[in-house]
Structure formats: structure tokens, C-alpha cells
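Reader: I would like a close look at a single part of this model. Please keep it brisk.

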Amino acid sequence: MRPERPASPGQFANALSAVPGMVWPAVGSDQSAHLTSLLFQFEQSQWFSPARLRELQVHQLRLVLRHARDTVPYYANLLRDIDLRQLELNDFTRLPLLSRVELQQGFDALSSRHPPAVHGLVTDGQSSGSTGMPVRYRGTAVTKLFWEALTLREHLWHHRDFGGRLAAIRVTVDEGYLPAWGLPAAQVFRTGPAMTLNAESDIPVQLEWLQRQLPDYLITHPSNLGALAELSIEKGIRLPGLRETRTSGEIVTAELRQRVRQAWGVPVTDMYSAAELGAMAFQCPDHEHYHVQSENLIVEVLHPDGTACGPGETGEVAVTTLHNFAMPLIRYRIGDFAEVGEACPCGRGLPVLRRIHGRQRNMITLPNGQRHWPSFPAALWRKVAPVQQFQLVQHRLDEIEARYVMSRDLDAEELQQLESALRERLRFPHRIRFVRVAVIERGASHKFEDFISLL
């Protein structure tokens, strides 16, 4: 049963009207009408039971699989002998998984020969290549529409004031000022201004910029947010008026959430997405775990043997798109790992991911074969020495390279303390080789990885 929840009248009071003289209720343009139509349906479907959501997913899945069989060379033989009219989830989960390498090498074979014209313009894109393996993909106006509508859902979930000031510190932008937040919010709502700054700017420069801009909302990369919070704590700088920080593209840790609270007294709201798939999961409005966006895709979390993980278990993420008829991706292994969560107390039937762990290359492998995602929060090394940045690289099972950025070399006592703390965190007495560097380079998408396995 859907729980009663307070409405957010302030948000739709800012709705844009395309008809002069009609401000309330607003009459939107064709594009905003498409977005608000999906938002209305999302408002209902989020409260459906898991069984009802699966039923609707299967209905849409049959259609996209039929299109894939008929127009996509890769799936022509794979789906030829399957009665797609009677397909159920159990049949679907027996289909082979699609690897990232197969997508990378099979762009033409995975592209539809006849994407429906009514789905609008077909566009090509390429992922950031954060793993060193960029992939090309295709989408349509429909896939763009779904991503935009889900982005608006995320805004509405977290009750953002569209009239507020939005600051974005990202790698894809230059310093600038915009009169509105941009798409998709500005298609539906009257918004406040947006300010942008490139994330490659020095952290002190970024913090000084934020003090001048006084935003209500800040969106940036988790590692960048952490550096800003640490400097704010060190300098005793607050950001009055800041209501929320938003992140995407890297792993968000409990430590990051705690440090942001300590620095500015605001929460971190994270989003889980991929260029070739769109929005996959958003943080629950009431909790720190994530809700899968089931209206647009099927997300599986799988054991190595291909069976589904249950609550509390961690496995590899496989995603199926439900509305991309230009390049249907069926059971696509994106390379990430996640932990399945219990049903959410908020009442939404959307599946829960308790946490996103990241990629296999961010896992440490111990000599006994055990593997885990190591955690060594900044507080661990900053209480030992004034280290500005830290990164571990596993070259061999028993050896770790510890790269650090600092104005001087670590002294003998600091080395001993850090070595002891790291061995405890890594769960094995590795040989640790400390290397002072001028800068720790980021990946192709400017994502920062604090642990990398080269095994």
C-alpha cells in the first residue's frame, strides 16, 4: 500500500507555461508535456509492488527483444528459436551475458538496422573510457527523453527548490554563468541561475569560487567534493546557504558523507548512471541506499556462476535497456559490482542497491585468493602526516605501491605508522613501497581511483 507523502507545491509552482497569460496551472510545450507525462506515470509506478513492476518490465522486454531479433545482427541467431510472446523472467535470465569487450568490438553488429522512425533522431556517443576501454553506443530521442524525465524525478524526489542557485564543478565544463539550470529542468520549470567551473582548477581556487557564488546546490565528483570538504574543515570555512551536495561518477563512501556533514552540515546525494545506459539508480529520498530505475531498465546483480544475488550479497551488475531500439543492450555486464539491499522502508517497490562498490580493478587480491574493496579514509593518513593525496597500486599479490603527494618526504616514524595502518586495512602484511609524486594523475574521465589493481 502506498504511504501518504507530503506534496511539494513549491516545485510545480515554478512550472513553465508555453501559453501567454496562463501561469497557473501551467500549460507546457510539447517537449515539457512529454516529460511531465512520464513524471506522472513515474509517480504512480514507484509505488507498485515488485511483482507488478516485474510484470510490466517483462511486457516491455518482449517488445525490445522482438525488435532486437528482427533488426540487430548480433541477436538474430541468439533469439531466433525463442518464443518471445511467452517469454518470462526465468527464460530471460538464461540468455547469455554481453561483455564490455563484445560491445566495444561489436558496434555494428549490435546496432539496429531499422530503428523505428517514431523514436526520433539516432545519435552516436562514446563513454569516457575510465577503465581504458571506451565504448561506442547509440541512442534515440526516446532514450534521451527517458534520461531527462528520470533526472527530473531525482530532483523531485529530493525536493529541490528550482529557484535556487546551482553550482557545477565538473570536467566537462568551463567557468561560466548561466541564467538557468539547463536541460531538462529548464524545459519544465523556471529555475535560478547556474554557475560552472572546471574540476581541474586547484582546490583552493574552487573553494574561493564557491564562497563567492554562494550556491544552494553543488554538484561535482566525489573525490573533488572530498578534497573541498577537507580544505573547508582545515580552514574553518563554511558555505552559508548550501543545502545539498550531489555526486556521480565515482564511489561515495560513508567517510565522505561524514566529512561533508562536518564541513558544511549538508547531505551528499549520489546518482548511479552510465553514458551507454542512462540513469540506473538514484539515492532514496529517505535513506542512503539506491533505488533502481525499473521503468527504464532491468538491473541484475549476479554471482560468478550467474545466479542472482540476494539481500546482503555482492555481485556483478548486468543491465538490460528497455527503450533503446537503436542499440538494445541485453544483460550487459558493465564491469561494476554492487550489494543488493532489502526492500526499502520508504514503501517504493523499486529494487534496492545497498551500495555501489565500483569495478573489479578497484578490488585487492590477497595471496590466499580472497578479494575485497579496501577502505583507507583520508582521516587515516592525514592524522599521521600532511599528505594531500594518496593512492595505492597493487603490482603483485604481496606488494603495494603507496603514492602520495606532500611538500616533503615522509619521515621514518610516519612511514612506520602508515605502513601499520595500511596493513591492517588491507588485511595482509604486504610489502608497501612509498613513492612521493608531484601529482596523482586521474583517468580519461577525470575520475579518481584511490586503489588500482594491476593484477
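Which element gives the most to the lining of the second largest pocket, and with how many residues?

Author: This is a predicted model. The answer is β11, with five residues in the lining of the second largest pocket. That strand runs over residues 297-302. At least two lining residues also come from each of α3 (50-71), α5 (89-92) and β14 (352-359).

Now the pocket itself. Its volume is about 790 Å³. The lining counts 30 residues. Nearest the centre lie R54, V299, V340, P351 and V352. By type, the lining holds 19 nonpolar, seven polar and four charged residues.

R354 pairs with E339, and their closest N and O atoms are 3.0 Å apart. E339 sits in strand β13 (residues 332-340) and R354 in β14, so the bridge ties together parts 15 residues apart in sequence.

The side chains of D70 and R69 meet in a salt bridge, 3.0 Å from N to O. D70 is exposed, with a relative accessible area of 51%. R69 is partly exposed, at 25%.

These pairs are among the 30 salt bridges that the structure holds. Elsewhere, salt bridges link R396, D398, E399, R431 and R433 in a network.

Key
Residues are numbered from 1 along each chain as its sequence is written. This is a predicted model: local features need pLDDT of at least 70, side-chain atom pairs count only at pLDDT 80 or more; totals for chains, interfaces and linings use all residues. Side-chain values use heavy atoms; hydrogens and water are left out. On a 1 Å grid over the protein atoms alone, a cavity is a set of points where a 1.4 Å probe fits but cannot get out, and a pocket is an open set with protein on both sides within 12 Å along at least five of seven lines; lining residues have an atom within 4 Å of a point. Grid points are joined across faces, edges and corners, and a volume is the space filled by probe spheres set on the points. Helices (H or I, at least four residues) and strands (E, at least two) are DSSP runs, numbered from the N terminus. Ala, Val, Leu, Ile, Met, Phe, Trp, Tyr, Cys and Pro count as nonpolar, Asp, Glu, Lys and Arg as charged, and the others, Gly among them, as polar. A salt bridge is a side-chain nitrogen of Lys or Arg within 4 Å of a carboxyl oxygen of Asp or Glu. Buried means under 20% relative accessible area, exposed over 50%, partly exposed in between (1.4 Å probe, protein chains only).
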